[in-house]
Amino acid sequence: MDPLKEREIEERLARLEASLAAIERSLARGGRWAEAGGEARQSAPRYSNAGARQHSSAADDLTSIVSRWFTSQSPEWWLSRIGIGFVVIAVLFLYGYAIDRGWITPPIRVLAGAMVGAGLFWAAIRVGTNAMTASGHGLRQVLYGGALAVWYLTAYAASVWYGLISIPSARLLFFVLTLTSAWISLQERSEIFAFIAIATGFATPFILFAPVTSLTPFALYLGAVAFAGIFIYLVRGWQSTLWMTFVAFWLLVNGTALSGGVIRAGAPGAIAVSFLLILAGAAFTRVPSLRRQLLETGSSRYTPTPVSEASQRIMEGLDSLSRMLGGGRSSPDSLALWVMTLLSPVLAIASLANIWVTIPSEVSGLLLVGLGSASLSFGLRKIQDTELEQVIFTAAALWSLLGILKIAPTPESMGIVSVYAALIVTYLRKALIGPRTIAKAAILISLVAAVGHGLSLPASGALRWRWVMAELITVGASAVISRKLVADAAERMQGAVLAGMTYLAALVVIMNLLEPVWPPLVTAAYAVFGAALLIVSRQRGGARVLLQLGGVTMVIVVARLLLVDMASVETIWRVLLFLVCGGVFLYAGHRLQPARAAEAGK
């Protein structure tokens with residue numbers, strides 16, 4: 001049998017034994033608590049017994065948790081950790097003593113550190129693979145950790161404290177140690193060594209700081225560390241490793257290099273960094289789905305994704321959100337699949353735009369629209385993974401909308417985005433909740449922008465009419481989406497809310513359009529708008545929302561006539577306005593009579 005499988009079986013048996021022992025201790029303790037509780041009830045008043053039971057149970061629970069943790073660790077677990085701690089303390093004492101006496105020069109100190117690390121590493125290799133405790137950490141991993149710690153400290157001291165080697169040489173040693181830690185994590189199947197490898201790898205430019213003379217070595221180093229983190233995730237499926245790689249890479253590129261002005265077009269190595277950003281965007285987009293495909297091969301080389309308590313809580317939160325939107329259950333890697341697939345191309349293109357600032361922003365928009373079209377074309381194929389299908393169509397909608405915002409000018413982009421959102425909701429099947437959610441969010445944002453601009457100081461000239469046209473298109477697209485949602489029982493509430501926001505936006509747009517021309521035209525337009533809502537509500541079954549909005553509009557018309565127009569309009573125009581509004585009311589009442597008669601007949 002494979003030694004690794006034997007070790008896994010032994011680990012599981014040890015954990016089962018520890019769990020059974022903990023259950024036995026808990027049952028025994030429960031019996032003692034019951035006996036103590038019975039004696040207390042016989043000898044003390046009832047209220048004091050209840051209060052004492054509450055305080056004692058809380059204290060006993062804390063004590064039992066601490067006791068179980070201590071008793072769950074085997075003697076070799078404690079001995080190995082205390083032993084490696086004594087060794088490190090002894091080395092530190094010896095260094096201090098030798099330095100005070102002047103016995104050890106800096107080269108000897110560095111050589112001694114390297115030899116101690118090599119000795120610990122050799123001892124770790126010699127230790128058997130079965131020297132493991134029930135918690136999964138044994139003497140071998142402790143020795144590996146001690147060797148890495150000594151080597152990291154020695155390389156730092158040789159460069160920063162003693163100046164025996166240059167900063168680039170120390171960085172190279174740190175990178176070698178990063179690869180060594182990554183190899184240990186894969187061999188030992190230990191997530192902590194992967195954390196050490198990726199964390200120290202990305203922190204090396206800050207620990208061993210040096211002025212950047214060329215960006216090419218910087219790009220090569222970041223790419224190598226990111227590749228190590230991605231490779232570890234593909235083989236072992238550790239979410240912490242992937243998330244650390246993703247967040248650290250983009251923060252390091254955007255937070256320090258780009259914001260600090262180090263990476264700019266024309267700088268040495270800017271082209272190398274640009275290639276790195278393109279490759280990183282493609283890699284982070286592909287890695288979550290590639291991991292699923294590798295697991296489907298059934299190879300023992302790729303271990304299933306471990307589910308920790310934090311991962312379980314994240315999955316529960318995603319399941320709640322998915323149920324609210326009408327989706328299915330999530331997987332341990334669902335969060336990475338959604339976030340990294342959707343954001344990686346956007347981050348890469350934004351970073352490239354920060355480097356090549358002379359290139360127009362419309363180029364970034366064209367790239368995003370092209371990626372959205374490619375994603376849509378790929379999603380039309382037959383995909384077995386339903387969640388991956390959702391992500392692909394969501395990516396197509398998101399990237400295309402972001403591209404439209406960059407390509408189109410400001411007023412027109414709002415209308416184009418609204419029309420695109422209406423097309424998604426109208427023609428895309430309901431099962432694809434991801435792109436439909438993107439479309440609903442887009443139309444809501446467009447409505448808020450339209451209302452906000454309408455209530456602000458109006459523009460003048462051609463710009464004003466451009467805004468008016470964009471606002472009218474937005475209101476029309478929102479009306480189409482509201483009608484589509486109201487017709488579906490599952491989305492009727494969303495449709496009603498969107499219809500209310502569309503109604504408010506329409507009132508603001510009408511006022512913004514006609515108020516500068518002649519204020520009474522706003523009242524007349526409101527009357528026509530309200531009558532249209534009432535008539536349409538009777539022609540389309542189940543449109544109760546339109547009936548209510550039409551009634552509210554008629555109330556607004558009456559209020560404007562009596563409170564605004566009566567005081568601001570001359571008599572002759574007042575007569576004409578009342579005649580127009582009265583005629584609209586009469587026509588609406590006439591059109592509603594057949595519907596009322598039909599309802600009475602039923």
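Trainee: Where do I start? What does the secondary structure of the chain come to?

Mentor: Start with the elements. The chain has 21 helices and 0 strands. Remember that the model is predicted.

Trainee: How many of the contacts join residues at least 24 apart?

Mentor: Take contacts between residues at least 6 apart in sequence; 70% of them join residues at least 24 apart. Ala123 belongs to helix α4 (residues 106-126). Its relative accessible area is 24%, so Ala123 is partly exposed.

Trainee: Now burial. What share of the chain do buried residues make up?

Mentor: Buried residues are 40% of the 602 residues. The chain exposes about 32500 Å², and 69% of that comes from carbon and sulfur atoms.

Trainee: Which residues touch the most other members of the largest nonpolar core?

Mentor: That core has 40 residues. Those touching the most other members are Phe202, Leu222, Phe249, Trp250, Leu277 and Phe284. Two or more residues come from each of α6 (167-188), α7 (191-207), α8 (215-236), α9, α10 and α12 (334-355). Helix α8 gives the most, with 13 residues.

Trainee: Which residues does Phe249 touch?

Mentor: Leave out residues up to four places away in sequence. Phe249 then touches Phe202, Leu222, Ala226, Met244, Leu276, Leu277, Ala280 and Phe284. There is also a second, separate core of 25 residues, which includes Ala395, Val417, Leu485 and Leu498.

Trainee: How do I read aromatic rings? How many aromatic pairs does a search of the whole structure find?

Mentor: Two values describe a pair: the distance of the centres and the angle of the planes. Here the search finds 15 aromatic pairs. One of them is Phe246 with Phe284, an edge-to-face pair at 5.3 Å centre to centre, with 85 degrees between the planes. This pair links distant parts of the chain, with Phe246 in helix α9 (residues 239-258) and Phe284 in helix α10 (residues 270-296), 38 residues apart.

Trainee: Are Phe246 and Phe284 buried or exposed?

Mentor: The cut-off for buried is under 20% relative accessible area. Phe246 has 6%, so Phe246 is buried. Phe284 is at 1%, so Phe284 is buried too.

Trainee: What sort of pair do Trp518 and Trp573 form?

Mentor: Trp518 and Trp573 are edge-to-face, 5.3 Å centre to centre, with 75 degrees between the planes. They also link distant parts of the chain, 55 residues apart. Trp518 lies in the loop between α18 (492-514) and α19 (519-539), and Trp573 in helix α21 (residues 571-601). Trp518 is partly exposed at 31%. Trp573 is partly exposed at 41%.

Trainee: Which residues form one aromatic cluster?

Mentor: Trp243, Phe246, Phe249, Trp250 and Phe284 do.

Trainee: And charges over rings? Where does the charged end of Arg291 sit?

Mentor: Arg291 has its charged end over the ring of Tyr233, 5.9 Å from the ring centre. Then see Arg464, over the face of Trp465 at 4.9 Å from the ring centre.

Key
Residues are numbered from 1 along each chain as its sequence is written. This is a predicted model: local features need pLDDT of at least 70, side-chain atom pairs count only at pLDDT 80 or more; totals for chains, interfaces and linings use all residues. Side-chain values use heavy atoms; hydrogens and water are left out. Rings of Phe, Tyr and Trp (its six-membered ring) pair if their centres lie within 6.5 Å; planes under 30 degrees apart count as stacked, over 60 as edge-to-face and the rest as tilted. Helices (H or I, at least four residues) and strands (E, at least two) are DSSP runs, numbered from the N terminus. Buried means under 20% relative accessible area, exposed over 50%, partly exposed in between (1.4 Å probe, protein chains only). A charge sits over a ring if NZ of Lys or CZ of Arg is within 6 Å of the ring centre and within 35 degrees of the ring normal. Contact means heavy atoms within 4.5 Å. Accessible areas come from the Shrake-Rupley method with a 1.4 Å probe; for residues, only the protein chains shown count as cover. A nonpolar core is a set of buried Ala, Val, Leu, Ile, Met, Phe, Trp, Tyr and Cys residues joined through side-chain atoms within 4.5 Å.
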